[in-house]
Amino acid sequence: MSSSSESSSNSFSAEKYFATQPPPSTLEQDVSRVREFVDRQVAEGRKVVLVTSGGTTVPLELNVVRFLDNFSAGTRGATSAEYFLKAGYAVIFMHRQFSLQPFSRHYSHSTHPFLDFLDIDPTDTDGHKISVTRAEQAQLLNVLTTYKEVHQTGALHTLTFVTVNDYLWMLRAVSKELSILGRNSLFYLAAAVSDFFLPRQKMSEHKIQSGKGSLHIEMDQVPKILKPLVNEWTREGFIVSFKLETDPDLLTPKSRTALSRYGHQVVIGNDLHRRKFEVLFVSPASSSKPLDDQRPGDFVETWIRIDLAKDPSKEIEEDIVAELVKRHDAWIREAKTP
Ligand code: 9Z3
């Protein structure tokens with residue numbers, strides 16, 4: 001597969017993208033449910049966070065057999081969603097189908113399969129009595145109690161995407177719905193989104209055949225969606241994007257570049273191998289300076305670190321969310337100050 005990552009000839013503007021790529025078939029239905037959810041939160045005076053989570057796919061065929069995927073189990077998004085709920089936010093959890101979700105993530109089939117901690121009572125001759133092993137009871141009770149409370153209060157709404165096309169259309173539609181909340185909305189963009197895609201017009205209808213030996217596919221660049229998100233779709237939302245790198249030397253400069261380019265509130269840089277115990281917050285030192293004229297000193301940079309050796313059950317998302325809630329509250333207060 002060949003691609004030229006720096007080529008601009010194959011980059012789509014957001015406008016061109018939405019004019020040429022079809023929306024997912026369930027979009028209208030999804031959006032009307034989001035609208036109802038948001039209206040309820042407005043009536044109840046809750047702040048709303050959109051959490052995106054998991055990786056997007058890029059199908060190579062219309063009748064899709066093969067696709068390109070982006071790395072993400074959905075841990076960051078699902079864990080953060082729980083801490084936002086705890087902080088009193090209503091959460092729209094927009095996630096990759098089958099990736100981790102709030103609450104059920106504690107019982108992932110690969111790391112903590114629930115069948116392993118269920119017991120069948122041997123004294124029950126019908127074999128109908130099932131119980132939870134003693135060691136698991138406290139945690140399950142805890143998770144289940146919060147899960148039930150969240151469902152009762154209606155503070156969590158879930159949306160599903162698979163492809164990068166689903167993701168882009170949904171993000172645009174949901175962000176427009178959130179604009180009614182003004183500064184009371186927060187965007188937490190933790191999904192791992194493909195930088196490249198294959199436009200529908202270039203896709204093979206049927207499964208690509210292997211008879212010709214090697215495979216060469218030229219992909220186009222996915223539009224930089226943060227730009228219209230910040231400038232058009234939601235002018236007042238507090239926007240937090242994530243930057244994922246594998247080369248530690250690139251983390252700080254790339255996070256700064258993302259912030260300067262789009263002019264939003266926070267970029268959280270994370271290294272693939274260190275993301276569970278350290279992240280870098282980058283935000284503008286001054287919002288008044290022209291974005292294309294910023295230097296390293298124009299950024300405020302803060303590392304959040306946790307010590308997993310000391311406290312293995314600590315989740316860095318707890319500290320990330322606590323910091324963001326503080327900053328979001330300050331952002332809301334700032335608008336109220338004459
Ligand atoms: C992230 O960087 C997330 O923190 C992770 C979370 C994907 C690393 P897990 O779900 O992993 O806990 O397994 N997300 C953003 C990745 C991304 O695609 N960012 C774009 C980029 O780096 C900018 S929007 O260019």
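## Surroundings of the ligand

A residue is near a molecule or strand if its C-beta atom, placed from the backbone, lies within 6 Å of it. The model is predicted: local features need pLDDT of at least 70, side-chain atom pairs count only at pLDDT 80 or more, and totals for chains, interfaces and linings use all residues. Residues are numbered from 1 along each chain as its sequence is written.

The ligand is surrounded by 15 residues, the closest being Ser 72, Thr 75, Arg 76, Phe 242 and Leu 244. Helix 3 (75-86) and strand 11 (238-245) are the elements that give two or more residues to this shell. Helices (H or I, at least four residues) and strands (E, at least two) are DSSP runs, numbered from the N terminus. Strand 11 contributes the most, with four residues. By class, the shell holds seven nonpolar, five polar and three charged residues. Here Ala, Val, Leu, Ile, Met, Phe, Trp, Tyr, Cys and Pro count as nonpolar, Asp, Glu, Lys and Arg as charged, and the others, Gly among them, as polar.

Eight strands form an open sheet with mixed pairing, in the order 7-4-1-8-11-12-13-14; two strands pair if DSSP finds at least two bridges between them. Strand 7 (156-161) and strand 14 (299-305) stand at the edges, each with a single partner strand, so one side of each has no neighbour in the sheet.

Strand 8 (residues 185-189) runs parallel to strand 11 and is joined to strand 11 by four bridges. Within this pair, Phe 187 stands opposite Ile 239 of strand 11. Helix 3 packs on the sheet and touches strand 1 (48-53), strand 4 (90-96), strand 7 and strand 8. Contact requires C-beta atoms, placed from the backbone, within 7 Å of each other.

## Helix 3 and helix 8

Two packed helices are described by the angle between their axes and the distance between the axes. Axes are lines fitted to C-alpha atoms, for helices over the stretch in contact, and angles run from 0 to 180 degrees between N-to-C directions. The axes of helix 3 and helix 8 (residues 316-336) come within 9 Å and cross at roughly 55°. Helix 3 is therefore oblique to helix 8; angles under 35 degrees count as roughly parallel, over 145 as roughly antiparallel, 65 to 115 as roughly perpendicular and the rest as oblique.

Arg 76, Thr 79, Ser 80, Tyr 83 and Phe 84 of helix 3 meet Glu 317, Glu 318, Ile 320 and Val 321 of helix 8. This contact comprises four nonpolar, two polar and three charged residues.

Methods. Contact = placed C-beta atoms within 7 Å.
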